[in-house]
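Student: Hi, could you walk me through this one? I'd like to learn how to read the rings, the core and the charged pairs.

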Amino acid sequence: FIKYADKLFTATRKALVEQNYKDAIFHSKQFHGRKEQQKLLREFDDVFLTVFPGFVNQFNVLFPIAHQYKIADGRLDDPELRIFALIRLGVKNNETIARALDYSVNTIYTYKTKVRNRSLLSNEDFDSAVMNITGLAG
């Protein structure tokens, strides 16, 4: 992603320096931030579920059946799953999670609270259980 963005920005700057505004506009229109972010999130899902193939099944054990998560096409499309996937990787800072997922810090806090309140465990036990999810399928 960084290389891709750098290539586009370099080409845009070069065109501007050369006063080739038509090329500068063309290059600047090639970057689609939201599309690139979605691509990065899909890649995150792929890598995370490769390392933790049983994450969703092990995460679901922490909830009553009515509140369990389903995933489609190997994607953690639910923001709550992505938040706790990041937490499982050791990312605990709400600001860092918010930046990674393009949410506000308050939204991250709200999602985390909502998920913890639906679980079968106390908040402290829930956090420990998330950190104990293994990379094993299950």
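Tutor: Let us start with a term we will need: a residue is called buried if its relative accessible area is under 20%, exposed if it is over 50%, and partly exposed in between. Please keep in mind that this is a predicted model.

Student: Okay, so is tyrosine 69 buried or exposed?

Tutor: Tyrosine 69 has a relative accessible area of 8%, which is under the 20% cut-off, so this residue is buried.

Student: And how many aromatic pairs are there in the whole structure?

Tutor: A search of the whole structure finds 12 aromatic pairs. One of them joins phenylalanine 63 and tyrosine 69, whose ring centres are 5.6 Å apart and whose planes stand at 75°, so this pair is edge-to-face.

Student: Why does 75° make the pair edge-to-face?

Tutor: Because planes over 60 degrees apart count as edge-to-face, and the planes of phenylalanine 63 and tyrosine 69 are at 75°.

Student: What about phenylalanine 63 itself, buried or exposed?

Tutor: Phenylalanine 63 is buried, since its relative accessible area is 2%. Its ring also pairs with that of phenylalanine 126, with the centres 5.7 Å apart and the planes at 70°, so that pair is edge-to-face.

Student: Where do the two partners of that pair lie?

Tutor: Phenylalanine 63 lies in the loop between helix H4 (55-60) and helix H5 (79-88), while phenylalanine 126 belongs to helix H8 (residues 123-131), so the pair ties together parts that are 63 residues apart in sequence. Both phenylalanine 63 and phenylalanine 126 are buried.

Student: Which residues do ring pairs link into a cluster?

Tutor: The cluster linked by ring pairs consists of Phe44, Phe48, Phe52, Phe55, Phe59, Phe63, Tyr69, Phe84 and Phe126.

Student: Now the core. How many residues does the largest nonpolar one have?

Tutor: The largest nonpolar core has 27 residues, and those with the most contacts inside it are Phe48, Phe55, Phe59, Leu76, Phe84 and Phe126. Two or more residues each come from helix H3 (33-51), H4, H5, helix H6 (94-101), helix H7 (105-118) and H8.

Student: Which element gives the most to this core?

Tutor: That is H5, which gives six residues.

Student: What does leucine 76 touch?

Tutor: Leaving aside residues up to four places away in sequence, leucine 76 touches a list of residues that includes Phe44, Phe48, Leu49, Val56 and Ile71, and also Asp45 and Arg82.

Student: Changing topic, how many salt bridges are there?

Tutor: The search of the whole structure finds seven salt bridges. In one of them aspartate 77 meets arginine 82, the closest N and O atoms being 3.6 Å apart.

Student: Are those two partners buried or exposed?

Tutor: Aspartate 77 is exposed, with a relative accessible area of 51%, whereas arginine 82 counts as buried at 7% relative accessibility.

Student: Can you show me another salt bridge?

Tutor: The side chains of aspartate 127 and arginine 116 meet in a salt bridge of 2.9 Å, N to O. This pair links distant parts of the chain, with aspartate 127 in helix H8 and arginine 116 in helix H7, 11 residues apart. Aspartate 127 is partly exposed at 29%, while arginine 116 is buried at 17%.

Student: Which residues do salt bridges join into one network?

Tutor: Salt bridges that share partners join Asp45, Asp77 and Arg82 into one network.

How values were computed: Residues are numbered from 1 along each chain as its sequence is written. This is a predicted model: local features need pLDDT of at least 70, side-chain atom pairs count only at pLDDT 80 or more; totals for chains, interfaces and linings use all residues. Side-chain values use heavy atoms; hydrogens and water are left out. Rings of Phe, Tyr and Trp (its six-membered ring) pair if their centres lie within 6.5 Å; planes under 30 degrees apart count as stacked, over 60 as edge-to-face and the rest as tilted. Buried means under 20% relative accessible area, exposed over 50%, partly exposed in between (1.4 Å probe, protein chains only). Helices (H or I, at least four residues) and strands (E, at least two) are DSSP runs, numbered from the N terminus. A nonpolar core is a set of buried Ala, Val, Leu, Ile, Met, Phe, Trp, Tyr and Cys residues joined through side-chain atoms within 4.5 Å. Contact means heavy atoms within 4.5 Å. A salt bridge is a side-chain nitrogen of Lys or Arg within 4 Å of a carboxyl oxygen of Asp or Glu.
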